[in-house]
Amino acid sequence: MLKTTNKGQWVINHRQLSLENGIKVVELDSKQYALLVLLLKFKHQDVSKTQILTEVWGQRVVSEDAIYVAVNGLRKLLGDDAKSPKYIKTISGVGYRWVGPPIVEALPSVLDSYLLKAVFGLLVVALILFWQLPRAPVSEQIPEHLVEPYNQARYIINNHPTELDTAIGLLQNVSVDSPDLIEPLYWLAKAQFMRLNPQESNYARDKLQLESILQRILKAQPKHKAANLLFAKLVFMGGMDVANAESYFHKSLPSSEGHHMYGQYLLAQGKVQEALKHIKIYQSLDPNGFSSESVAWVYMMSSEFEQAHTALEKLRPYSDSNRFYHVCLRAIYEQLGEHELALNELMWVMNYEGYSEEELNAVRHQFNDHGMEGVYQWLLYQDTRRADVGHYSAPMSLARYAVAIGDNQLALHYLEQSRLAGQYAFMWVGADPHFSSLKKDKRFNEMIDKYILKSNKS
């Protein structure tokens, strides 16, 4: 059992991924644990959403809603309240901050000490037996003098993605020394993919270099699932090329992340039933992955609003404090014409993001005078926080506000800015019912055809 000096003081057990306060023990999932450790590391300092995504999810491509799921889960376990935080405070437009008392480390009990000694002894025996057993040849043997830099690079990529340059340097040296090794080459590609930034001046060069590395891997091992998935994401997200990405997605299956990304890829094309099938497979393979609200989101994107609402209603008892749940509800109510209900959900999200009572009252006043159009006018022209209230960050959010007030030309302007900024959300504008009023606009359709479906052009 963990030892606490003060009843009610939380103690963290890193071995069991749990917390105890002398009253109860709560278990953490891997993401909640990683998030808690990160917040405690920078206690009483702001931790940005970008930093959380990098440190907790690493190379995985997930939306910011994954953060809200983890934060809300952690708050529930701690008995915290977003409106009056005792532990985790939302920093509007930035991220989160640990404002609670320090959490002490668990001290091993006497029994734990004996168990650790016993386990260590068994481990020594097992290692002796292991080295005496005949071993099957491994598929790829890393030369002894390269094992340390190879493992060090992989550790950095998985645990310290802010130091990718160091990992890339190590892996480049390994690849120069032994150019026929595939796994170090794959990890080099993985690190370079994580470092890609469409807003940097050398993006085109880095993208071509990464493409060359992946082609080299797949020439040697055409069925390398992880390399195929990296190539699919590079072609789809980096090149906004739908047609040429599909074969690589197929070769990445079956794998949890492969099904996840392939589902999102299909959704961008409006292939809803296929997308839903793969997202459900992803969730069955990786229960700690993206939240179940993603099923409702697929229905939402396919304009099956009643089905989306039904799917969300099943989650109400478990998701009422989940930000993404309220974002989905707002979108569905809005499409169903239930504007008062949509406003309530928007206000919940705005309150969650730290908007003041004065700002919330101004939004309510706009709604009373001008309906939802007045709300979006306020968000577009008067909102100084520019927080993500369920419409992504700017410039994509500004495009969504502009189309909501009927200013299609301004919406197109911001969509082009979103594309140039390399915003992930741009790939789904063709399927998003929020932009349905633009679907008869020639410029909008040319944009979709040129930048999302360009490989289908004759």
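Predicted model: local features only at pLDDT ≥ 70, side-chain atom pairs only at ≥ 80, totals over all residues.
1. Overall make-up. The chain has 458 residues, of which 48% count as buried. Its secondary structure comes to 21 helices and seven strands. Among the contacts with a separation of 6 or more, 55% are between residues 24 or more positions apart.

2. Helices H6 and H7, geometry. Two packed helices are described by the angle between their axes and the distance between the axes. For H6 (residues 164–177) and H7, the angle is about 150° and the axes are 9 Å apart. Angles over 145 degrees count as roughly antiparallel, so H6 is roughly antiparallel to H7. The two helices make a left-handed crossing.

3. Helices H6 and H7, contacts. On the H6 side, the residues in contact are Leu-164, Asp-165, Ile-168, Leu-171, Gln-172, Val-174 and Ser-175. They meet Pro-184, Leu-185, Trp-187, Leu-188, Ala-191, Gln-192, Met-194 and Arg-195 of H7. By class, the residues of this contact are 10 nonpolar, three polar and two charged.

4. Lys-190. This residue lies in H7, which spans residues 183–195. Is Lys-190 buried or exposed? Its relative accessibility is 11%, and buried means under 20%, so Lys-190 counts as buried. In space, the C-alpha atoms of Lys-190 and Ala-226 are 9.1 Å apart, while in sequence the two residues are 36 residues apart.

5. Helices H20 and H21, geometry. The axes of H20 (residues 408–420) and H21 (residues 442–451) come within 11 Å and cross at roughly 15°. Angles under 35 degrees count as roughly parallel, and H20 and H21 are therefore roughly parallel to each other. H20 passes H21 in a crossing that is left-handed.

6. Helices H20 and H21, contacts. H20 contributes Gln-409, Leu-412, Leu-415, Glu-416 and Arg-419.

7. Phe-249 and Tyr-265. The whole structure holds 13 aromatic pairs. A pair of aromatic rings is described by the distance of the centres and the angle of the planes. For Phe-249 and Tyr-265 these are 4.8 Å and 40°, and the pair is tilted. Phe-249 belongs to helix H10 (residues 246–251) and Tyr-265 to helix H11 (residues 256–268), so the pair ties together parts that are 16 residues apart in sequence. Both Phe-249 and Tyr-265 are buried.

8. Tyr-262 and Tyr-265. How are the rings of Tyr-262 and Tyr-265 arranged? Their centres are 5.7 Å apart and their planes lie at 20°. Planes under 30 degrees apart count as stacked, so the pair of Tyr-262 and Tyr-265 is stacked. Both tyrosines sit in helix H11, three residues apart, which is about one turn of the helix. Tyr-262 is buried, as is Tyr-265.

9. The aromatic cluster. Which residues form one aromatic cluster? The members are Phe-236, Phe-249, Tyr-262, Tyr-265 and Trp-428. Tyr-265 takes part in the tilted pair with Phe-249 and in the stacked pair with Tyr-262.

Note on methods:
Residues numbered from 1 in each chain as written. Heavy atoms only, no water. Axes fitted to C-alpha atoms, helices over the stretch in contact; angles between N-to-C directions. Helix = DSSP H or I, 4+ residues; strand = E, 2+ residues; numbered from the N terminus. Parallel < 35°, antiparallel > 145°, perpendicular 65-115°, else oblique. Left-handed = near helix turned anticlockwise from the far one by under 90°. Contact = heavy atoms within 4.5 Å. Buried < 20%, exposed > 50% of the residue type's maximum accessible area, 1.4 Å probe, protein only. Phe/Tyr/Trp six-rings, centres within 6.5 Å; stacked < 30°, edge-to-face > 60°. Nonpolar A, V, L, I, M, F, W, Y, C, P; charged D, E, K, R; others polar.
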